[in-house]
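Welcome, and please take a moment to look over the sequence and the fold.

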Amino acid sequence: MIHEMRKRGMNITQIAHELGRDRKTIRKWLKQSEPASYQRQVKRPSKLDPFKDYIRRRMEEGCLNANVIFDEIKAKGYSGRKTILRSFMQPLRPAAIAKATVRYETSPGYQAQVDWGRFRVDWNREPKRLYAFVMVLGYSRMMYVEFTEDEKLDTLIGCHLRAFAYFGGRPEVLLYDNMKTVVTDFDERGHAVWNERFARFAAHHGFLPRNCRPYRARTKGKVENGIGYVRKNFWPRVKTFTSLDDLNRQVRHWLDTVANIRVHGTTHEQPRQRLAQEGLKPINPIPFEEVDRHARKVSLDACHLPFHKTLDQFDFSFQPSIDERKIRELATLRFLEHRENLIFLGPPGVGKTHLAVAIALEAIKQRYTVYFTTAHDLVETLQQAHHNNTMRQKIKTFTKPNLLIIDEIGYRRMEDTAAHFFFQIISERYETGSIILTSNKTYGAWGEIFGDSVLATAILDRLLHHSTTINIKGESYRIKEKKKAGFFRPEGNSDKSESLI
Ligand code: ADP
Ligand code: MG
């Protein structure tokens, strides 16, 4: 490609401008892609051979990052070194970039690019920030734009669905340029870690999200970056708008009467006309929310919470010994981040389990993993596992979650082996994962619970090292409710009447 440009009489400056690269790079490419006449050409099979077609295609899509491609082919079974990949990619770079600037750089229906742009507006004389979601189909250049007030995941998912509806389907691959809403992190190898819910959304509707900086030629508005085009061509046309809906009506009008019917600089065709050849696939007719709700419910079920009650359902005025500010601070989950423990002490019915559950729900909302068990079930499960020789796996149930809740310690005395199993869980989680614990016994009485004061001390040592204790002194809420209902019988068997509720 570069050599052809040279033959057409273009100088290095012109080529550099055309390809949007600087002159030094072009010179380097010219030199590298000169025929190496003095080198002996011995063709040896390379570990890279089976992946070469794939690499060429990815580069033509605009992915020129060797680290990204290395991870991708490694996942496909490549066992060679990165340097081999680099030297294979190097001479292909100019061709890939040149190709990305001419027609047909992506096949119909294959791919689209997605981006957020930020726009500042005056809203009732207050400065306000708006966001523009832009999706551009790679083959046709068909564009969808929508303004939003935030970049949240739900907003983004909605924008995707409306874009697919506007296009009449979805492409195979969507490219994201390190978009924070969906790329939550990078693993040790620099591989994108996708937001779990977004990955499920993509899988549900059948497209593949990819994180890669799409190549953008900065040449005379050819493959213009979508946001840049909106900023230059649409934004100056906006005189006023009365609401976000109004602005979105205006941008839709612009898409229909300008952006998608102009004769495109690179394709020399109207995006709207080329759209027909994309042959986009329909999205899943089942709404994502339905499966999403189910997935959430399943993940909630897997936590084994005895009931679902939130902090807002907790009446702090009934329990003045509890410092509400302290509980609200705990609900920010900083203690979880720091792998600290939280212990609720107090007599029955004062809300220990309620508060533990409320904090667990907060943790689940923030996508931490949670497991709830009573102390009794915990040791029973472990004893059973010990008996069946499945101890290793079972222990994971209690050590893997970010938050383990052990409810009702001290309601029953533990036997010898039980206490040792309990100790094992506490020490395996020590400084690696948080525990919320509830007990009706003061620490002084724990020797009795475990039947062994040395063991109790060892357990308390680890539990309390990084921890917060909330001591609740007060009346049982259950009794309050019964009083209100008028069937509280103080002389009756309180254990039995409690179980009625
Ligand atoms: P504990 O675990 O301390 O024995 P629970 O948390 O199980 O007590 O509380 C018993 C019942 O009373 C639960 O249904 C709980 O939701 C309710 N409850 C306890 N304290 C309060 C409170 N302050 N406000 C609202 N509900 C409460
Ligand atoms: Mg309880």
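What follows describes a predicted model, starting with the sheet and moving on to the ligand.

**The sheet**

Five strands form an open sheet with parallel pairing, in the order β9-β10-β11-β8-β12. At the edges stand β9 (370–374) and β12 (467–471); each has a single partner strand, so one side of each is left without a neighbour in the sheet. On average, neighbouring strands of this sheet are turned by 15° against each other, with direction ignored.

For a look at one of the pairings, turn to β10 (residues 403–409) and β11 (residues 434–439), which run in the parallel sense and share five bridges. Here I406 stands opposite L437 in β11.

**The ligand site**

Ligand 1 is surrounded by 13 residues, and the closest are K309, D315, G349, T353 and H354. Three of these residues place an N or O atom at the distances below from an oxygen atom of ligand 1.

| Residue | Part of the residue | Distance to an oxygen atom of ligand 1 |
|---|---|---|
| K309 | side chain | 2.7 Å |
| G349 | backbone | 2.7 Å |
| T353 | side chain | 2.7 Å |

On its own, ligand 1 has 550 Å² of accessible area, and the protein covers 90% of this. The largest pocket is the space taken by ligand 1. Two or more residues of the shell around ligand 1 come from each of α16 (352–365) and α22 (477–485). Of these, α16 gives the largest share, three residues.

Technical notes: Residues numbered from 1 in each chain as written. Chains lettered and ligands numbered in written order. Predicted model: local features only at pLDDT ≥ 70, side-chain atom pairs only at ≥ 80, totals over all residues. Heavy atoms only, no water. Pairing = 2+ DSSP bridges. Helix = DSSP H or I, 4+ residues; strand = E, 2+ residues; numbered from the N terminus. Axes fitted to C-alpha atoms, helices over the stretch in contact; angles between N-to-C directions. Near = heavy atom within 4 Å. Polar contact = N/O pair within 3.5 Å; in protein donor to acceptor, adjacent residues only side chain to side chain. Areas by Shrake-Rupley, 256 points an atom, 1.4 Å probe, with all protein chains shown as cover. 1 Å grid on protein atoms, 1.4 Å probe; cavity = no way out; pocket = protein on both sides within 12 Å on 5 of 7 lines; lining within 4 Å. Sits in = over half its atoms within 2 Å of the grid points.
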